[in-house]
Amino acid sequence: MVENNDAVLYERLAAKDKQAFETLYDRYEKLLFSFAFKITKDRGLAEEVMQDVFVKLWNGTHAFESSKGKFSSWLLTITRNKAIDMIRKYAKHEHVELMDKDALISEEKPVDKIIEWKEDRELIRSAVSELNVEQQKVIDLFYFKGFSQQKISEKCGVPLGTVKGRIRLALKHLRETLEKGGRSDYEA
């Protein structure tokens, strides 16, 4: 008997009868909330799901056909689908929030790291300035400008073996200079 009443109420609701809407709301409010809460495990989300289902019901977004089953089953199916959509929606937002937090952390460098980096940069500049001119040139081309050893050989007009030897000797001098300066963690 209730099922028939639901179908009749739904037809009246489709014609924008507020009394029919209120009757259906009073009848199914608690059931839909508890069903949505069982799926979402979140009180606020369950309320949002329930509210959205009733708004869609009022707007006629979904059409109930009594020939396909009970009104209550149809309403619960809509609620379940909406609850799953909400869970997916909020899961995406949580993921984005985590990525934003990560981005903020990675953008900020601690002051002590910046100071350490500046000190290292000055130490390396000083060590490079102590190399002879040929070694400074190959170090600059190889490490700071990204040239291959073959390209350096062609650019400077010296054999490839000479370029390799200059780089090897330059690295040896740099390592010794940096170790004298108190930095033993540099590896070439």
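Axes are lines fitted to C-alpha atoms, for helices over the stretch in contact, and angles between them run from 0 to 180 degrees between N-to-C directions. Keep that handy for the exercises on this predicted model.

**Exercise 1.** How do α6 and α8 lie relative to each other?

*Solution.* Start with the axes: those of α6 and α8 come within 9 Å and cross at roughly 95°. Angles of 65 to 115 degrees count as roughly perpendicular. So α6 is roughly perpendicular to α8.

**Exercise 2.** Find which residues of α6 and α8 meet, and sort them by class.

*Solution.* On the α6 side, look for E134, Q135, V138, I139, F142 and Y143. Their partners in α8 are V163, R166, I167, L169, A170, L171 and H173. Now sort: this contact has nine nonpolar, two polar and two charged residues.

**Exercise 3.** Check whether the span of α8 agrees with its number of residues.

*Solution.* Helix α8 covers residues 160-180, which is 21 residues. The expected span takes 1.5 Å times one less than that number, so α8 should span 30 Å. Its end C-alpha atoms are 30 Å apart, so the two agree.

**Exercise 4.** Which residues of α8 are buried, and what covers them?

*Solution.* First pick out V163, G165, I167, A170, L171, L174 and L178, which are buried. Then see what lies over them: the cover includes α5 (111-129), α6 (133-144) and α7 (149-156).

Conventions
Residues numbered from 1 in each chain as written. Predicted model: local features only at pLDDT ≥ 70, side-chain atom pairs only at ≥ 80, totals over all residues. Heavy atoms only, no water. Helix = DSSP H or I, 4+ residues; strand = E, 2+ residues; numbered from the N terminus. Buried < 20%, exposed > 50% of the residue type's maximum accessible area, 1.4 Å probe, protein only. Contact = heavy atoms within 4.5 Å. Parallel < 35°, antiparallel > 145°, perpendicular 65-115°, else oblique. Nonpolar A, V, L, I, M, F, W, Y, C, P; charged D, E, K, R; others polar.
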